[in-house]
Amino acid sequence: MKKTLVVLITLVMCFSVFASGAPEQVTASKSEVEMALEAASKMSNEELYAKAKEEAGTMKVYSTTSLCGTAVTKFMEKYPGLKVEYSSVGETDMFTKLTTEIGSAAEGADMALLQNAYLMQSQLIDEGLLYNYFPEMYKETVNAEYQNPTAMLMVNKLFMFNNTAGDIGLTNIWQLTDPALKGKIFFKDPNTEPVGMNFLVMLTSPKWTAKIEEAYKDYYGKAWSASAEFTSAAYEWIDGFLANCSYEYTADGGISTGLTNGAPGNIGLFVFSKLRGNETARKNLSVAHGMKGFIGFMYPTYAQVCKDTDMPYTCALFINWIMSEEGSNPWTNDGVMGNYSTNSAIPLQDATGLDREVGYWLGCTVVEDGEYLASAYADVFEFISVRIK
Amino acid sequence: MPRIVLEHVSKRFDKFVAVDDLNIVIEDRDFITLLGPSGCGKTTTLRMIAGLETPTEGRITIGDTVVFDAEKGINLSPAKRDIGFLFQNYALWPHMTVYQNIAFGLENLKWKREDIKSRVYEMLRLLKIEEFVHRYPAELSGGQQQRVAIARTLAPAPKVLFMDEPLSNLDAKLRSEMRTELKRLHSDSDSTFVYVTHDQLEAMTLATKICLMNKGVLQQYDPPLTVYSKPNNIFVADFVGNPTMNFINAKLSEVDGKHVLSLFGLYATFTANMNKPLNRENVIVGVRPEHIAITDSGKINATAYSALPAGMETTVKVKIKDALVSSVVFGAIDYKTDQAIKCDIISDQICIFDANTKELISQGSISINSL
Amino acid sequence: MKSLNKNKTIFNRIGTFFTKPANCMLVIFAILLTALTLYPLLSMLREMFVVHAGIEKTLTGLKKGNFTLFHWTKLFKGGEWSMTNYWIPFLNSTLLGFGGAVLGIMIGGVIAWLMARTNLKHKKLIGSLFLFPYMMPAWTMALYWLNMFQNSKVGAGIVGVMEGLFGLCMPEWFVYGLFPCIIVTGLHFGPFAYILIGGILQNMDATLEESAVILKAGRLKIVRRITLPIIMPAVLSTFLLIFSSGFASYTVPMFLGGAVRFFTLSSKMKAMFNAGYTGQAYIIGSTVILMGWLILTINQKYTGRKRSFTTVTGKSGQVSFIDLKRFNTPISIALIVIITFFSIIPLIVFAIQTLLRSPGVYEFSNLTLEFWLGRGESSYKNGMVGGILFNKTVWSALGRQFLLSITAALFAGTVGLFIGYAVVRRRGTKLAQYVESMAFFPYLIPAISFSTIYLAISTTKTFSFLYNSFFLIALVSGVKYLPFASRGGINSMLQISTEIEEAGIVVGVPWYKRLFRLLFPIQKTSIMSGYLLPVITCMREVDLYTLLVPNAHFLLTTLLLEFNQTGYDQYANAVTLLIIVIVLILNSVSEKLTGASVAKGVGGGASFGGN
């Protein structure tokens with residue numbers, strides 16, 4: 001029995017190694033797809049359309065945002081003859097699927113609209129599984145930070161509070177570490193909400209540590225100094241903040257409802273877009289505008305091309321489309337709030353009167369940066385993970 | 001002392017009547033067998049007396065205590081009836097050793113540990129199963145399990161012991177061995193035994209009284225030999241005895257103040273030893289096989305259809321005219337097939353049953369009129 | 001020459017071995033299950049020792065796919081990391097699994113005993129209502145608990161039903177954390193325990209208890225000393241099944257534990273996956289397999305050969321019910337009230353949620369049927385075209401889910417039946433034991449790992465025909481539900497004596513005819529029920545499919561997940577309600593038509609008549 005087990009294990013090991021894909025090809029020269037994408041970035045939409053029509057087949061796109069379905073339908077109306085198929089894939093499943101499928105024998109995705117800069121960087125880009133494509137035509141209107149990797153959309157999560165007993169006066173992020181607020185700050189468990197974890201990790205970057213120190217000085221009237229326990233102000237803030245968090249709600253909708261109907265003065269950190277469909281929420285909740293330090297965080301939805309696509313031009317044309325005013329409409333129309341195209345040429349449409357231009361949010365929220373995340377993740381995650389217990 | 005009285009006891013399951021208006025008295029130290037074919041209500045009766053089944057109607061008294069009375073709403077739990085019960089499949093607890101099985105009942109009686117131990121060993125010795133004391137039931141043979149079950153039942157020394165076909169799962173040899181043991185146990189233990197069986201031989205050999213039932217109705221309640229020799233009706237006559245009683249259709253008439261039977265195309269004079277009117281024409285004559293004698297002086301001409309010698313006795317199928325009857329002859333005698341023989345009906349316990357009601361109407365002797 | 005002879009005898013022996021159909025089946029299943037179960041198990045094992053892409057490369061300085069002990073040393077090195085990421089969640093999971101199993105068995109056992117052994121009133125009603133919590137996904141029960149008991153003194157301070165109606169403010173430990181998690185798990189699996197234990201009680205020889213009554217043992221003593229030990233093997237295997245589910249449960253502690261930071265291993269596993277610590281995630285995930293295996297071993301030890309016995313005698317017609325007398329009415333009414341509180345009322349509360357335009361606002365003006373029946377522009381604004389009853393996506397997803405459930409059930413049920421036959425006929429042999437335990441293991445493998453591994457298989461060249469195929473999800477669900485199906489198969493085959501088949505062998509009936517014409521018809525109802533259980537489980541399965549279906553809109557449950565993630569709570573609730581109602585209807589229709597029901601499927605032929 002033991003012997004057979006050993007044999008079986010060995011067999012499985014061999015099989016698995018074999019199955020996990022052929023050894024990575026390390027080639028200095030650019031692949032065909034990369035060259036096609038480079039050429040595509042300089043083309044006009046008409047030229048691209050002509051090229052895309054030459055690519056027979058169906059372009060498959062995986063997306064974490066379900067509004068992509070509408071964009072796909074409109075795209076095919078605009079460019080008859082092109083076939084695009086959209087699959088809605090969950091945030092975590094996206095990475096499992098892409099890492100398993102790209103380069104395998106399976107006919108997986110050609111491109112993906114995905115979130116979570118950290119995992120995208122460390123599991124896909126660093127492994128050479130994704131190619132970036134950015135159209136030259138948007139070079140001026142999209143912030144350089146969002147050109148490689150290409151981000152098409154931003155979503156913001158903001159600190160909001162229940163105002164039914166008046167403004168609670170959130171003016172500084174350090175207020176959030178006051179032990180009196182224990183259990184009164186509602187936030188999705190960062191363990192199960194990767195973008196939340198990314199937000200916390202981003203705080204330790206030099207830029208945001210500086211802002212936190214500044215806020216500290218403002219709040220306590222003295223400069224922050226390192227202690228045995230905390231090597232940076234960011235860590236100290238995270239420590240105090242997490243101690244106050246309640247993970248009662250597992251979805252942003254839950255936090256929104258819970259905060260709206262719950263006790264006055266409760267605070268939540270969740271997506272701004274939840275306010276759109278709910279009049280009571282808009283009435284009972286206020287955004288902590290002007291809070292020193294930051295008032296929330298933003299995370300991009302990236303558009304990336306899979307290494308093994310055979311339809312690079314269609315992918316390119318689709319990315320052009322969703323970054324255009326017309327194509328990004330499913331996300332940016334006045335029925336949807338809290339979603340912002342990275343293309344600053346697209347004007348804000350807001351029916352609620354609460355939303356602001358993307359530039360405003362970018363100035364006061366923490367934004368993900370895949371490369372920093374990938375470099376600092378291990379240390380910060382270890383620090384944070386033992387504080388979520 | 002435990003005298004068990006059943007008065008008008010009935011048990012119905014929905015529309016099905018399992019036991020119908022049963023009245024019996026079981027005297028102290030009796031060994032009663034409840035006998036009958038399967039489904040006759042005998043097990044239900046036993047379980048009602050034991051308290052495992054609730055009668056629909058009637059009254060049951062054990063000793064001086066009314067244990068059940070439908071009208072007064074009395075229904076004592078089995079635990080309070082001071083009885084022992086031996087189940088057909090022994091119902092030994094599989095998770096307990098032999099010792100634990102036997103000791104369990106004594107523990108419930110709050111006996112002292114030493115007393116329990118000595119009683120358990122006493123029972124083990126009595127039933128010759130000392131060596132299995134620490135085994136689990138699954139490790140015992142059928143006969144051994146049976147003994148453990150008996151030991152468990154007898155250990156608290158119940159005054160009344162109920163047994164539900166306790167020997168039916170044993171092989172023939174073991175069964176007859178256990179029968180002897182049970183009979184000795186009965187005389188040694190001065191308890192009242194109530195025993196359910198469908199085996200008439202078992203009932204005959206063990207019981208002081210047989211309670212024979214059919215379709216929920218009591219057929220006869222008498223000592224075994226009475227049941228055998230003076231059956232109340234054809235059902236009883238047929239059920240008891242092996243080979244079974246011969247039943248011969250006959251016509252009864254009165255000629256010159258004598259009762260004349262016409263059977264096998266012959267005429268016979270019937271002399272009754274019971275004072276009952278014999279005013280029916282269609283009757284059935286019941287003759288036990290041992291009462292058909294094969295002798296050269298016999299008045300009936302017949303042929304031997306087949307002979308089954310068993311050593312001690314021989315069962316002969318005798319063909320008289322077109323009818324086949326069984327005869328049992330002492331000793332091993334072989335007849336050739338179709339050999340011509342003569343036979344006779346010898347006994348003053350020949351039964352005459354009413355052909356319609358199947359009830360016994362008379363008993364007496366028959367003499368075949370000479371041709 | 002000698003060796004030639006020896007070879008010949010071996011060949012002969014193999015020849016004789018394969019003349020028995022049970023042996024052939026065992027060999028086939030051994031191979032099949034090794035591929036379908038052992039392979040995923042060993043793949044998981046491999047994941048615990050290799051470096052994955054991303055952070056693990058940075059941390060170990062090794063290449064992807066290299067062998068490493070890093071995951072183990074990191075997770076078990078001690079210190080705070082081990083504590084918060086393994087030991088505390090491990091303790092919580094263990095407590096939850098243990099508490100849930102004990103409570104479930106207590107609830108289910110008491111009800112099973114009342115139903116099987118007493119003259120309790122309204123048995124039919126109690127029996128069918130009691131099954132509801134098992135048909136509902138466990139998390140709906142968790143949400144219900146919150147809706148009922150949340151209050152202004154705890155958590156977000158939302159007024160729940162109990163406070164709203166009676167001013168009752170339950171303390172925090174009652175509303176959040178271990179206690180409600182145990183209650184919800186116990187309530188969800190109570191019916192399951194009831195079905196299993198009830199089945200055994202029904203088949204248990206009543207004279208075992210009667211003889212104890214006659215020997216003057218009290219009711220409680222009989223339960224404690226006779227009934228419990230005898231049904232112990234069944235209780236233990238029920239314990240194993242509930243424990244493993246409770247131990248691995250994710251959603252219930254998510255909903256009820258977050259407010260007081262009650263985290264279990266599953267949430268830590270997810271955290272590790274999210275953060276890219278894949279190796280450690282697999283180690284955490286495999287803990288449940290280890291625990292399951294441990295309980296399995298204990299179970300086998302406890303019911304070792306010495307004390308082994310079959311409880312099924314078939315001679316249970318003469319059960320006499322214990323008269324509850326004057327307690328009968330109070331007990332039955334109390335039961336009905338309590339069970340209604342956890343069966344009908346949750347459904348009503350759930351239904352109300354689907355009618356609220358803005359969630360959480362319980363006002364008459366806020367009621368709408370839009371989410372069910374809406375058409376046109378106004379419902380378009382809610383994110384989809386039309387209410388779910390007029391939505392093509394919903395209906396086609398429902399259709400596929402249905403088809404999938406039936407396919408998976410056909411696979412699991414049929415394989416389970418053949419396994420049942422083969423294992424029972426060759427009981428005691430090593431091969432039979434191997435097949436039996438291999439068929440059980442899929443139950444212990446976490447759904448996420450299970451689907452990840454099958455996804456990887458389907459992306460290889462050899463098996464690429466499986467990729468995104470309906471067949472793959474059917475196969476995966478079939479294997480995942482095999483444990484129940486094979487248990488059911490074994491149980492139903494155990495109840496048929498070998499003589500019935502031997503009678504067929506003697507007159508030369510070929511084996512397949514013996515199975516299909518003799519054995520299966522005899523156990524028709526219980527076999528049908530064995531098919532029903534996977535159908536019902538499959539109808540509400542989510543985790544297994546998210547990776548394997550080509551699109552979230554493909555199945556009703558993945559669509560539900562999508563609604564949940566997007567925040568369309570009312571749609572999500574409506575779909576959930578739809579699933580529960582379909583499951584309930586399925587069960588009762590099949591009970592009416594064929595006599596088969598979930599209860600019979602798990603209990604191996606148990607049914608409680610009304611009185």
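# Exercises on chain contacts, domains and a sheet

The domain assignment of chain A gives domain 1 (31–153 + 299–364) and domain 2 (155–298 + 373–385), with bounds taken from an automatic or database domain assignment. The model is predicted: local features need pLDDT of at least 70, side-chain atom pairs count only at pLDDT 80 or more, and totals for chains, interfaces and linings use all residues. Residues are numbered from 1 along each chain as its sequence is written, and chains are lettered from A and ligands numbered from 1 in the order in which they are written.

**Exercise 1.** Describe the side of domain 1 of chain A that touches domain 2 of chain A.

*Solution.*
- Step 1. Contact joins 21 residues of domain 1 to 18 residues of domain 2 in chain A; two residues are in contact if their C-beta atoms, placed from the backbone, lie within 7 Å.
- Step 2. On the domain 1 side, α6 (117–125), β10 (296–306) and α14 (358–364) of chain A each give two or more residues. Helices (H or I, at least four residues) and strands (E, at least two) are DSSP runs, numbered from the N terminus.
- Step 3. α6(A) gives the most to this side, with 5 residues.
- Step 4. By class, this side has 11 nonpolar, 8 polar and 2 charged residues. Ala, Val, Leu, Ile, Met, Phe, Trp, Tyr, Cys and Pro count as nonpolar, Asp, Glu, Lys and Arg as charged, and the others, Gly among them, as polar.

**Exercise 2.** Determine which chains touch and which pair shares the most contacts.

*Solution.*
- Step 1. Of the 2 pairs of chains in contact, chains A and C share the most contacts.
- Step 2. That contact takes 61 residues from chain C and 61 residues from chain A. α15(C) provides the largest share of the chain C side, 6 residues.
- Step 3. Chain B places 21 residues in contact with 19 residues of chain C. The chain B side divides into 15 nonpolar, 5 polar and 1 charged.
- Step 4. Chains A and B do not touch, their nearest C-alpha atoms being 30 Å apart.

**Exercise 3.** Give the strand order of the open sheet in chain B and identify its edges.

*Solution.*
- Step 1. The order of the 5 strands is β16-β20-β17-β18-β19 (chain B), with antiparallel pairing; two strands pair if DSSP finds at least two bridges between them.
- Step 2. β16 (292–294) and β19 (323–330) of chain B stand at the edges with a single partner strand each, so one side of each is left without a neighbour in the sheet.
- Step 3. Strands β17 (residues 300–309) and β18 (residues 313–320) of chain B pair in the antiparallel sense over 6 bridges. Leu308(B) stands opposite Thr315(B) in β18(B).
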